[in-house]
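Trainee: Hi! I'm new to this one, could you walk me through it?
Mentor: Happy to. Let's have it on screen while we talk.

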Amino acid sequence: MQGVQGKMISKPLLLTYLYLLIYILLSSGVILYNKWVLSPKYFNFPFPITLTMIHMGFSGAVAFFLVRVLKVVSPVKMTFEIYATCVIPISAFFAASLWFGNTAFLHISVAFIQMLKALMPVATFCMAVLCGTDKLRCDVFSNMVLVSIGVVISSYGEIHFNVIGTIYQVTGIVAEALRLVLTQVLLQKKGLTLNPITSLYYIAPCSFAFLFIPWYLLEQPEMEVSQIQFNFWIFFSNALCALALNFSIFLVIGRTGAVTIRVAGVLKDWILIALSTVVFPESTITGLNIVGYAIALCGVVMYNYIKVKDVHASQAPSDGIAERMAKDWKLEKKSSDIYVPNSDNDNERGSIAGSLSGSDSKVDEEAPLITTSRLSHIGRTQLGSHAV
């Protein structure tokens with residue numbers, strides 16, 4: 001009997017670990033792939049807006065096929081008012097975050113970009129306080145100061161520090177923070193929730209339209225006079241990986257808790273920093289880089305702990321263990337229903353999933369369209385960034 005129970009327990013557990021592994025591999029892979037494609041030293045396609053538009057166009061087309069042709073999911077009741085007041089402004093900031101985040105690849109290393117992304121909770125917290133969606137608390141503020149100090153130390157230790165690249169990355173982080181807060185303010189009031197497919201269905205085409213303007217002004221003239229190396233299979237596989245990342249985030253959110261996602265996100269960042277130095281030998285990490293990032297990470301971990309504590313404190317103390325476990329399980333399962341696009345601007349950033357659910361997620365910039373957010377406000381910053 002115990003053997004049967006062990007098998008029943010181990011199979012779902014192994015499946016969860018498999019999903020986490022797939023997420024970490026795809027998240028890291030998309031970022032490294034984007035860097036390789038954009039870098040003048042490698043594939044030499046220095047057009048980040050074009051690459052982002054390819055991701056948006058591909059994801060939007062796949063979402064349209066799934067919604068309108070295969071009818072895998074039904075579109076939500078989208079009124080012109082909701083589209084004009086919610087989808088359009090959110091798509092604008094989302095497009096900006098992807099644009100600036102991917103442009104940073106041209107100037108700074110993947111490792112340094114990941115270190116700068118530790119500022120995401122700081123930017124989101126500041127924007128939330130300014131917009132009135134969060135209160136200024138001493139414990140959270142002290143963690144934000146610790147994160148900022150760590151990032152400053154890490155930046156000081158960067159051998160190939162580039163002001164332009166740093167400005168692009170920080171601007172992308174601010175744009176993503178504004179998008180997250182705007183999502184919370186505009187969409188929570190309307191009670192609108194979208195799953196990953198419908199999120200892509202509405203957000204991707206609109207983001208593509210916003211990116212067309214800077215593309216036409218900045219990149220299109222250069223592409224006419226440049227010797228462009230366009231390889232269909234390179235761009236198709238890149239866009240496919242970004243789309244797969246969006247869905248892997250959805251699978252992870254549906255099967256794990258907020259704490260697990262946070263730990264996986266931290267693990268992914270360290271793996272990505274180490275891998276980037278192998279894939280791109282010119283990326284050098286100094287001791288000061290590591291010390292600064294470790295300090296920033298301590299602040300992020302404490303911030304996560306505070307958020308987890310807040311959620312548990314909101315549960316009735318009279319609830320028994322069984323009732324609390326049931327609530328936790330429902331909380332985690334429901335999060336998959338309100339999947340909101342994460343940026344890790346992980347310049348994994350192509351992630352949009354959940355963009356329209358409202359909450360403060362961290363962008364996995366890695367996933368071109370997703371910034372994942374959780375129902376509980378505690379798992380928002382680890383998945384999704386990305387960058388496209």
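Trainee: What share of the 388 residues in the protein chain is buried?
Mentor: Buried residues make up 54% of them. Buried means under 20% relative accessible area, exposed means over 50%, and partly exposed is in between, using a 1.4 Å probe and protein chains only. Keep in mind that this is a predicted model, where local features need pLDDT of at least 70 and side-chain atom pairs count only at pLDDT 80 or more, while totals for chains, interfaces and linings use all residues. Residues are numbered from 1 along each chain as its sequence is written, and side-chain values use heavy atoms, leaving out hydrogens and water.

Trainee: How many helices and strands are there in the chain?
Mentor: The protein chain has 12 helices and four strands. These are DSSP runs numbered from the N terminus: helices are H or I with at least four residues, strands are E with at least two.

Trainee: Switching to rings, how many aromatic pairs does a search of the whole structure find?
Mentor: It finds 18 aromatic pairs. Rings of Phe, Tyr and Trp (its six-membered ring) pair if their centres lie within 6.5 Å; planes under 30 degrees apart count as stacked, over 60 as edge-to-face and the rest as tilted. One of the pairs is phenylalanine 58 with phenylalanine 236, which is edge-to-face at 5.7 Å centre to centre and 90° between the planes.

Trainee: And where do those two, phenylalanine 58 and phenylalanine 236, sit?
Mentor: Phenylalanine 58 is in helix 2 (residues 48-69) and phenylalanine 236 is in helix 9 (residues 232-255), so the pair links distant parts of the chain, 178 residues apart. Phenylalanine 236 has a relative accessible area of 30%, so it counts as partly exposed.

Trainee: What about phenylalanine 112 and phenylalanine 161?
Mentor: They form an edge-to-face pair too, with 6.0 Å centre to centre and 70° between the planes. Phenylalanine 112 lies in helix 4 (residues 110-116), and phenylalanine 161 is in the loop between helix 6 (138-156) and helix 7 (163-190), so the pair ties together parts 49 residues apart in sequence.

Trainee: Is phenylalanine 112 buried or exposed?
Mentor: Phenylalanine 112 is buried, with a relative accessible area of 0%. Phenylalanine 161, at 41%, is partly exposed.

Trainee: Which residues form one aromatic cluster?
Mentor: That cluster is made of Tyr33, Trp36, Phe43, Phe45, Phe47 and Phe235.

Trainee: New topic: how do helix 5 and helix 6 pack?
Mentor: Helix 5 (residues 120-131) packs on helix 6 at an angle of about 140°, and their axes are 9 Å apart. Axes are lines fitted to C-alpha atoms, for helices over the stretch in contact, with angles running from 0 to 180 degrees between N-to-C directions. That angle makes helix 5 oblique to helix 6; under 35 degrees counts as roughly parallel, over 145 as roughly antiparallel, 65 to 115 as roughly perpendicular and the rest as oblique.

Trainee: Which residues make the contact?
Mentor: Helix 5 brings Pro121, Val122 and Phe125, and helix 6 brings Val140, Phe141, Met144, Val147 and Ser148. Contact means heavy atoms within 4.5 Å.

Trainee: Last one: where is asparagine 44 found?
Mentor: Asparagine 44 is in the loop between helix 1 (2-38) and helix 2. Its phi is near 65°, a positive value in a residue other than glycine. At 38% relative accessibility, asparagine 44 is partly exposed.
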